[in-house]
Amino acid sequence: MSDIAYAPSALPQPIPVREILPWAVFGGLLMLIAIYFIGSEEGAMTLVSGLNTHEFVHDARHLLGFPCH
Amino acid sequence: MVGSLLLRGMLVGILAGLFAFGFARIFGEPQIDRAIAYEEQMAAAETPSAQPAEEEPELVSRATQAGLGLLTGSVIYGAAIGGLFALVFAYVHGRISPLGPRATAALLALAAFIAIVLAPALKYPATPPAVGSPETIGARTELFFLMLVISIAALVVAVALARRLWAQHGAWNAGIAGAAAFVVIIATVQYALPTINEIPEGYSADLLWRFRTSSIGMHAVLWTVIGLAFGALAERSFASRSGRRAALR
């Protein structure tokens with residue numbers, strides 16, 4: 001890692017990757033599912049039948065810039 | 001440590017979502033109302049007056065969509081973005097620059113806003129109701145997310161390049177090279193990707209502009225709150241961690 005040798009002592013101690021990874025997998029998946037439901041459910045794809053999710057978050061979806069009907 | 005950062009990120013995201021909701025409610029909702037009024041006008045003009053336009057069954061009332069629905073959407077989106085932000089922050093902090101938690105969080109939020117909001121919106125901007133035909137929703141969604149993924153990848157490339165050049169050429173030159181790489185990648189990709197224009201003839205340009213600026217404004221509020229508030233919280237959690245370590249010694 002010669003490329004971080006420019007100011008080695010000034011760098012704050014990074015969090016080890018093995019400590020981040022489990023959180024990243026668990027948290028990342030959860031967050032992406034949440035964003036999917038706000039952004040795309042009942043748009044291009046549908047997991048839950050009906051249009052209720054789509055209609056309920058309709059305004060948020062438009063204003064957040066997700067492609068919507 | 002990562003768990004507590006993730007929790008803080010989500011809490012900050014909820015706060016940011018509330019602010020974004022306030023902004024969207026004041027600046028965005030009037031434009032949505034105008035767009036829906038236009039949509040109804042068009043529908044009324046298409047059907048002869050003898051048989052009144054068939055009302056679509058309203059699953060959710062307009063008041064709910066503009067109130068609780070918008071609030072729910074903003075807060076859940078905010079919490080999710082805040083959580084992802086915290087995870088990326090946990091990786092980036094101490095790895096890319098010697099900056100402390102607050103400066104890292106602020107710069108990361110700015111970079112994310114440019115890569116996740118601004119750059120994709122230049123090619124595929126937010127569309128108010130009555131713009132966009134239902135038949136193309138699949139293609140539009142694919143292109144939008146493709147643009148989003150490319151934009152994030154371009155940011156990663158730009159940061160990696162800047163970091164590589166930093167030691168030899170200094171922070172300024174490295175930063176300029178990274179930013180230039182980002183702009184070139186985005187410009188090339190946006191030139192190559194197909195354009196979507198489904199704006200009906202005679203659609204109000206003023207409405208479109210106001211809708212799109214309030215959409216970008218809503219994201220700007222969200223990312224500003226996340227970047228600044230998360231930085232403050234993260235600084236505290238780092239300070240308490242090193243304080244505990246010092247006490248143990």
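Predicted model: local features only at pLDDT ≥ 70, side-chain atom pairs only at ≥ 80, totals over all residues.
**View 1. Chain B as a whole is built from helices.** Welcome to chain B, which has 5 helices and 0 strands. Starting at the N terminus, its elements follow the order α-α-α-α-α. The C-alpha trace of chain B spans about 85 × 40 × 25 Å along its principal axes. Of its 249 residues, 37% count as buried. Among the contacts in chain B with a separation of 6 or more, 85% join residues 24 or more positions apart.

**View 2. Confidence along chain B.** The average pLDDT of chain B is 92, and 94% of the residues score at least 70. Helix α3 (residues 101-123) of chain B has the highest mean pLDDT among the elements of that chain, at 97. The lowest mean, 90, belongs to helix α5 (residues 205-248) of chain B. For the model, the scores are ipTM 0.88 and pTM 0.90.

View 3. Chain A has 3 helices and 0 strands, and along the sequence its pattern reads α-α-α. Of the 69 residues of chain A, 35% count as buried. Look along α1(A) to find a kink of about 30°, centred on Ala24(A). The buried residues in α1(A) are Ile20(A), Gly27(A), Met31(A), Ile38(A) and Gly39(A). What covers these buried residues of α1(A)? The cover includes α3 of chain A as well as α1 and α2 of chain B.

**View 4. Where chain B meets chain A.** At this interface, 49 residues of chain B are in contact with 37 residues of chain A. On the chain B side, α1 (2-46), α2 (62-92), α4 (137-192) and α5 each supply at least two residues. Which helix gives the largest share of the side of chain B that touches chain A? That helix is α2(B), with 15 residues. By residue type, the chain B side divides into 28 nonpolar, 16 polar and 5 charged.

**View 5. Helix α2(B), bent and enclosed.** Helix α2(B) deserves a picture of its own. Of its 31 residues, 22 are buried, so α2(B) is largely enclosed by the rest of the structure. The helix bends by about 35° at Gly69(B). Just after α2(B) comes Gly94(B), with a positive phi of about 85°.

**View 6. The largest nonpolar core.** This core has 71 residues. Those with the most contacts inside it are Phe85(B), Ala86(B), Phe89(B), Ala90(B), Leu222(B), Ile226(B) and Phe230(B). Both chains take part: α1 (17-39) and α3 (58-64) of chain A, along with α1, α2, α3, α4 and α5 of chain B, each supply at least two residues. The largest share of the core, 15 residues, comes from α2(B). Zoom in on Phe85(B) to see some of this packing. Beyond its neighbours within four places in sequence, Phe85(B) is in contact with Gly9(B), Ala109(B), Ala112(B), Ile226(B) and Phe230(B).

**View 7. Ala130(B), a residue with a positive phi.** Ala130(B) sits in the loop between α3 and α4 of chain B. Most residues other than glycine have a negative phi. Ala130(B), which is not a glycine, has a positive phi of about 80°. Is Ala130(B) buried or exposed? With 22 C-beta neighbours inside 10 Å, Ala130(B) counts as buried, because the cut-off for that label is 20 or more.

**View 8. Gln190(B) in helix α4.** The last stop is Gln190(B), found in helix α4 of chain B. It has 17 C-beta neighbours inside 10 Å, so Gln190(B) counts as partly exposed. Not counting residues up to four places away in sequence, Gln190(B) touches Leu122(B) and Lys123(B). Gln190(B) and Ala63(B) are 127 residues apart along the chain, and their C-alpha atoms are separated by 37 Å.

How values were computed:
Residues numbered from 1 in each chain as written. Chains lettered and ligands numbered in written order. pLDDT = per-residue confidence, 0-100. Helix = DSSP H or I, 4+ residues; strand = E, 2+ residues; numbered from the N terminus. Contact = placed C-beta atoms within 7 Å. Nonpolar A, V, L, I, M, F, W, Y, C, P; charged D, E, K, R; others polar. Core = buried A, V, L, I, M, F, W, Y, C linked by C-beta atoms within 7 Å. Buried ≥ 20, exposed ≤ 12 C-beta atoms within 10 Å, placed from the backbone. Bend = angle between axes of the 7 residues up to and from the residue.
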